[in-house]
Amino acid sequence: MKKQSVSATNDYCPQTLFLYGTYKEDGSPNFGLFCWMSYANLDDHLGVMACIGEKKLTKDRIFENEVFSANLVTESMLPVADYLGCTKGYSSDKMNIDLAIEQGEKLNVPILSDSPVSFELKVVQRIPYGDSDVFLCDIVNTLIPEEAVDAKTDEEKYELIKTYAPICTTNQTYYSFDGRMLGKWGDFVKNVHKKEL
């Protein structure tokens, strides 16, 4: 395969999407959409590294409490995820939508009931760089569906992953697990209805 140099890009590296959950100062839940998350070996155990750029409410709350949840985004969750990713966290009515939210089992973090995989994360180190911060986190707890607990072989686990239909993003576009283009960032915002106050 012949290769050619181009400017720095991750256009050819799709990334999985997660909704990070934190609690605001008033105790109400807040979720933001992020994709710069991966895994890290922290003192010989599996951890998470998450990078958040710019000023965001989610980052403010992680600074304050040093805990958050990371909830895998699936196709069925895409309209809400797109809305949460395109709406500023500082908007007073951002969370005025229908979401099934649970309490984390081990940490004081909100968990999305519709997500098939949710991590409860505790920050063990923050690495600031410019307006970005990398958070190295211990995975304190992982929540998965009961049927996934019984999956023993890699094939069984992979089949379950396919049924959950996680999505990824690259080039400001959402893609399905099997490679179908689902839409651009912001295409689904209009499909999310605010609750009547």
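This is a predicted model: local features need pLDDT of at least 70, side-chain atom pairs count only at pLDDT 80 or more; totals for chains, interfaces and linings use all residues.

Me: How is the largest pocket described, and what is its volume?

Reply: One begins with volume and then turns to the lining. Here the largest pocket has a volume of about 750 Å³. Its lining comprises 27 residues, with Leu33, Phe34, Glu54, Lys56 and Gly85 nearest the centre. Two or more lining residues come from each of β3 (29-34), β5 (45-53), α1 (57-65) and α2 (78-86); β3 gives the most, namely four. By class, the lining of the largest pocket holds 13 nonpolar, nine polar and five charged residues.

Me: Which residues lie closest to the centre of the second largest pocket?

Reply: The second largest pocket has a volume of about 430 Å³. Of its 19 lining residues, Tyr39, Leu72, Val117, Phe119 and Ile161 are the closest to the centre. At least two lining residues are supplied by each of β1 (15-16), β4 (37-42) and α4 (154-164), and α4 contributes the largest share, four residues. The lining of this second pocket divides into 14 nonpolar, four polar and one charged.

Me: Is Ser118 buried or exposed?

Reply: Burial is judged from relative accessibility, with buried meaning under 20%. Ser118 has a value of 1% and therefore counts as buried. Ser118 belongs to strand β9, residues 118-129.

Me: What does the side chain of Ser118 join in a polar contact?

Reply: The side chain of Ser118 makes a polar contact of 2.7 Å with that of Asn71. Beyond four places in sequence, the residues in contact with Ser118 include Ala70, Ile111, Asn141 and Leu143.

Notes: Residues are numbered from 1 along each chain as its sequence is written. Side-chain values use heavy atoms; hydrogens and water are left out. Buried means under 20% relative accessible area, exposed over 50%, partly exposed in between (1.4 Å probe, protein chains only). A polar contact is a pair of N or O atoms within 3.5 Å; within protein, one must be able to donate a hydrogen and the other to accept it, and residues adjacent in sequence count only if both atoms are side-chain atoms. Contact means heavy atoms within 4.5 Å. On a 1 Å grid over the protein atoms alone, a cavity is a set of points where a 1.4 Å probe fits but cannot get out, and a pocket is an open set with protein on both sides within 12 Å along at least five of seven lines; lining residues have an atom within 4 Å of a point. Grid points are joined across faces, edges and corners, and a volume is the space filled by probe spheres set on the points. Ala, Val, Leu, Ile, Met, Phe, Trp, Tyr, Cys and Pro count as nonpolar, Asp, Glu, Lys and Arg as charged, and the others, Gly among them, as polar.
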